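Hello,

Please find the structure below, followed by notes on what was found in it.

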Amino acid sequence: MSIDIIFKIAAIGVLITVVTQILKKSDRDDIATLVSLVGLIIVITMVIGMISELFENIKGLFFLY
């Protein structure tokens, strides 16, 4: 794992926050909620991939095939 993933998650968070605030200011609260939900799903997908990789490394470390 590298620090790049932390920067990617932070960038997605900042981008989603800016877009959500712009949409809320223009009275598009429903779309702003959907945008924030999509951002959350993207980040969760990235984290699930990292957790899967972690479990594979643990299985390889302890020879649990």
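Val 43 is buried, with a relative accessible area of 19%. Buried means under 20% relative accessible area, exposed means over 50%, and partly exposed lies in between, using a 1.4 Å probe and protein chains only. Accessible areas come from the Shrake-Rupley method with a 1.4 Å probe, and for residues only the protein chains shown count as cover.

Before the rest, a word on the source. This is a predicted model, in which local features need pLDDT of at least 70 and side-chain atom pairs count only at pLDDT 80 or more, while totals for chains, interfaces and linings use all residues. Residues are numbered from 1 along each chain as its sequence is written, and side-chain values use heavy atoms, with hydrogens and water left out.

Val 43 lies in helix α2, which covers residues 29-61. Helices here are DSSP runs (H or I, at least four residues; strands are E, at least two), numbered from the N terminus. Leaving aside neighbours within four places in sequence, Val 43 is in contact with Ile 9 and Ile 12; contact means heavy atoms within 4.5 Å. Val 43 and Asp 30 are 13 residues apart in sequence, and their C-alpha atoms are 20 Å apart in space.

How do α1 and α2 pack? Helix α1 takes in residues 4-25, and its axis is 8 Å from that of α2, at an angle of about 170°. That makes α1 roughly antiparallel to α2. Axes are lines fitted to C-alpha atoms, for helices over the stretch in contact, and angles run from 0 to 180 degrees between N-to-C directions. Angles under 35 degrees count as roughly parallel, over 145 as roughly antiparallel, 65 to 115 as roughly perpendicular and the rest as oblique.

The residues of α1 that meet α2 include Ile 5, Ile 9, Ile 12, Ile 16, Val 19 and Leu 23. On the α2 side, those that meet α1 include Ile 31, Val 35, Ile 42, Val 43, Met 46 and Met 50. Lys 8 and Lys 24 of α1 are also among the residues in these contacts, as is Asp 29 of α2.

Thr 20 is found in helix α1 and counts as buried at 9% relative accessibility. Not counting residues up to four places away in sequence, Thr 20 touches Ala 32, Val 35 and Ser 36.

Asp 27 sits in the loop between α1 and α2 and counts as exposed, at 67% relative accessibility. Its phi is near 60°, a positive value in a residue other than glycine. The C-alpha atoms of Asp 27 and Val 38 are separated by 19 Å, with the two residues 11 apart along the chain.

Val 38 belongs to helix α2 and is partly exposed, with a relative accessible area of 46%. Leu 37 also lies in α2 and is partly exposed, at 44%. Between the C-alpha atoms of Leu 37 and Ile 16 there are 9.4 Å, and the residues are 21 apart along the chain.

**Salt bridge and surface patch**

How many salt bridges does the structure hold? It holds 1, where a salt bridge is a side-chain nitrogen of Lys or Arg within 4 Å of a carboxyl oxygen of Asp or Glu. The side chains of Glu 56 and Lys 59 form it, at 3.7 Å from N to O. Both residues lie in α2, 3 residues apart, about one turn of the helix. Glu 56 is partly exposed at 44% relative accessibility, and Lys 59 is partly exposed at 32%.

Ile 51, Leu 54, Phe 55, Ile 58, Leu 61, Phe 62 and Leu 64 make a nonpolar surface patch of about 690 Å². Patches are made of residues with over 30% relative accessible area and no salt bridge; like charges are joined within 9 Å, and nonpolar side chains (Val, Leu, Ile, Met, Phe, Trp, Tyr) within 5 Å. Of these, Ile 51 lies in helix α2 and is partly exposed, with a relative accessible area of 40%.

Regards
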